[in-house]
Amino acid sequence: MIVRSETLKSNFPRHVAIIMDGNGRWSEQKGKHRVFGHKHGVKALRKSIAFAAEKNIEALTIFAFSSENWKRPEQEVNMLMELFFTVLGSEVKKLHKNNIKLTIVGDISGFSDRLQKKVHAAQLLTANNTGLALNVAANYGGRWDIVNATKKIAQQVKEGALEVESIDEQLLSSTLSLGELPDVDLMIRTGGDYRISNFLLWQLAYAELYFTDILWPDFDAKAFQLALDVFSGKERRFGQTSAQVNN
Ligand code: IPE
Ligand code: IPE
Ligand code: MG
């Protein structure tokens with residue numbers, strides 16, 4: 001019985017990442033403005049957070065705004081910033097009550113002062129929570145993350161605090177965003193496209209990738225559960241043979 005429960009446990013992801021895509025198409029299908037889809041996207045996000053917490057997933061990392069999304073029409077960018085500000089304000093207390101630790105990952109300095117303040121306050125409030133680690137990637141890019149970590153490491157070498165020979169995968173991993181969390185086990189992308197769009201490049205090295213045509217505002221607990229079910233059927237070999245893994 002012990003063996004069975006261990007097997008089940010290893011088939012359950014510790015860290016899930018989601019590219020929440022398809023808000024725009026969802027609203028266009030309904031003849032509405034893209035903003036409508038983003039607002040409904042927030043509702044879907046609430047459901048996924050509740051589901052992840054209920055399932056005792058350790059970490060949930062969601063892609064909210066990429067470093068490339070600044071290229072969108074100014075009106076949409078402004079609206080997304082406003083939505084981010086409002087949602088932070090309205091949701092943080094609830095997250096805190098549910099023992100969820102909120103971290104914003106990305107280049108926060110790209111945001112307005114008032115949004116930066118809101119981000120810092122939200123992180124401070126939930127910093128000591130021990131439940132779900134909820135990471136919101138905002139103004140985030142996987143390449144930015146790697147460059148940022150490289151600069152930090154180079155600075156330490158420059159100051160004489162670190163030998164070049166001591167730079168290894170472990171050090172780079174821990175210097176990146178999400179450095180204290182396990183690597184992503186399962187990455188879900190909604191919206192039907194099969195790409196990473198500069199999300200977590202390093203941290204996805206051995207993640208199972210799950211793509212669904214469901215547009216983000218329609219993604220719910222049932223759809224999340226289906227992704228977990230598919231994940232649990234995967235044999236994760238990490239370079240080994242199937243026979244080795246099964247021994
Ligand atoms: C994802 O939905 C949300 C963000 C990138 C902020 P999109 O806005 O990209 O929706 P589509 O891909 O245009 O349908
Ligand atoms: C990825 O979606 C970023 C977020 C979900 C925040 P995009 O809609 O920006 O991705 P591309 O540009 O179509 O690849
Ligand atoms: Mg998109």
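The surroundings of the two ligands in a predicted model are described here. Local features require pLDDT of at least 70 and side-chain atom pairs pLDDT 80 or more, while totals for chains, interfaces and linings use all residues. Residues are numbered from 1 along each chain as its sequence is written, and side-chain values use heavy atoms, with hydrogens and water left out.

The shell around ligand 1 (residues with a heavy atom within 4 Å) includes Met20, Asp21, Arg34, His38 and Arg72. It divides into 3 nonpolar, 5 polar and 4 charged residues, where Gly counts as polar and Asp, Glu, Lys and Arg as charged. Oxygen atoms of the ligand lie 3.4 Å from a backbone N or O atom of glycine 22, 3.1 Å from one of asparagine 23 and 2.9 Å from one of glycine 24. The protein buries 87% of the 380 Å² that ligand 1 exposes when taken alone (Shrake-Rupley method, 1.4 Å probe). Helices H2 (23-29) and H3 (34-54) each give two or more residues to this shell, and H2 gives the most, with 3 (helices are DSSP runs of H or I, at least four residues; strands are runs of E, at least two).

Around ligand 2, the shell includes Ile19, Phe63, Phe65 and Ser66; its residues divide into 5 nonpolar, 3 polar and 4 charged. Strand E2 (residues 59-66) gives the most, with 4 residues.

Technical notes
Chains are lettered from A and ligands numbered from 1 in the order in which they are written. A polar contact is a pair of N or O atoms within 3.5 Å; within protein, one must be able to donate a hydrogen and the other to accept it, and residues adjacent in sequence count only if both atoms are side-chain atoms.
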